[in-house]
Amino acid sequence: MGIVLLFFCGVCLFRFSPEIAPKHPWIAMMVLAGNLSVGIIAPVLITEDPGIKIATGVFVSTAVSVGMIRLACYLRGFSERFMQTLVTWLGCDLVLTAMFALTMGIPSLLLEPNVGTTVFVGSLFAIWSVSVLGFILSKALSLHMVLGVGFAFTILLVGAGLGMIASGG
């Protein structure tokens with residue numbers, strides 16, 4: 001599993017291409033479980049929001065994003081690339097969420113959180129996350145990187161928006 005995590009880190013740094021991602025359904029399920037776990041546990045530890053609210057938002061956001069990626073693969077005629085795209089995106093999202101949690105969580109335990117720093121670091125991770133998903137989508141859907149990033153932004157915005165609506169936040 002360590003090699004798979006190193007692969008996801010390599011994709012997050014734009015060093016590896018998502019075409020070489022594993023596409024076995026069991027790996028997809030393990031990465032999905034890890035992504036959902038980190039996506040729920042990290043905000044619960046960092047924020048004061050109730051866990052059920054966070055879990056609802058994460059589940060809805062992930063489901064909407066997966067559905068939009070599946071639809072894009074189908075409409076572009078690349079249905080066979082869906083599993084690799086999904087595994088790569090979920091794995092990279094897991095890595096970025098864990099890094100964000102560590103970046104924001106450890107200093108907040110030691111120091112009083114600064115709103116300016118929190119917004120700045122959060123913005124950097126958001127830009128990085130959109131760029132990584134854009135890179136993955138550009139390779140999976142044979143798009144120009146700019147179109148991949150635009151589509152990634154749309155997917156993440158719609159997913160996060162519907163997740164916030166579903167969780168009441």
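**A helical protein and its aromatic pairs**

Let me start with one residue. Trp128 has a relative accessibility of 22%, so Trp128 counts as partly exposed. The cut-off for buried is under 20%. Keep Trp128 in mind; I will come back to it.

A word on the source. What you see is a predicted model.

Now the overall picture. How many helices and how many strands does the protein have? There are 6 helices and 0 strands. Read from the N terminus, the order is α-α-α-α-α-α.

Next, contacts and surface. Take contacts between residues at least 6 apart in sequence: 68% of them join residues at least 24 apart. Of the 169 residues, 36% count as buried. The accessible surface is about 9,300 Å², and carbon and sulfur atoms account for 75% of that. Charges next. The protein carries 7 positive and 6 negative side chains. The centres of these two sets are 17 Å apart.

Let's go to the start of the chain. Helix α1 covers residues 2-12. Which residues are buried there? Val4, Phe7, Phe8, Gly10, Val11 and Cys12 are. After α1 comes Phe14, with a positive phi, near 60°.

The whole structure holds 5 aromatic pairs. One of them is Phe100 with Phe125. Their ring centres are 5.3 Å apart and their planes are at 70°, so this pair is edge-to-face. The cut-off for that class is over 60 degrees. Where do the partners sit? Phe100 is in helix α4, residues 82-110, and Phe125 is in helix α5, residues 115-140. The two are 25 residues apart, and the pair links distant parts of the chain.

Are these two buried or partly exposed? Phe100, at 29% relative accessibility, counts as partly exposed. Phe125, at 12%, counts as buried.

Phe125 has another partner, and here is Trp128 again. Phe125 and Trp128 form a tilted pair, 5.8 Å centre to centre, with 35° between the planes. Both lie in helix α5, 3 residues apart, about one turn of the helix. To sum up, Phe125 pairs with Phe100 from helix α4 and with Trp128 in helix α5.

Conventions
Residues are numbered from 1 along each chain as its sequence is written. This is a predicted model: local features need pLDDT of at least 70, side-chain atom pairs count only at pLDDT 80 or more; totals for chains, interfaces and linings use all residues. Side-chain values use heavy atoms; hydrogens and water are left out. Buried means under 20% relative accessible area, exposed over 50%, partly exposed in between (1.4 Å probe, protein chains only). Helices (H or I, at least four residues) and strands (E, at least two) are DSSP runs, numbered from the N terminus. Contact means heavy atoms within 4.5 Å. Accessible areas come from the Shrake-Rupley method with a 1.4 Å probe; for residues, only the protein chains shown count as cover. Lys and Arg count as positive and Asp and Glu as negative; His and the chain ends are not counted. The place of a charge is taken as NZ of Lys, CZ of Arg, CG of Asp or CD of Glu. Rings of Phe, Tyr and Trp (its six-membered ring) pair if their centres lie within 6.5 Å; planes under 30 degrees apart count as stacked, over 60 as edge-to-face and the rest as tilted.
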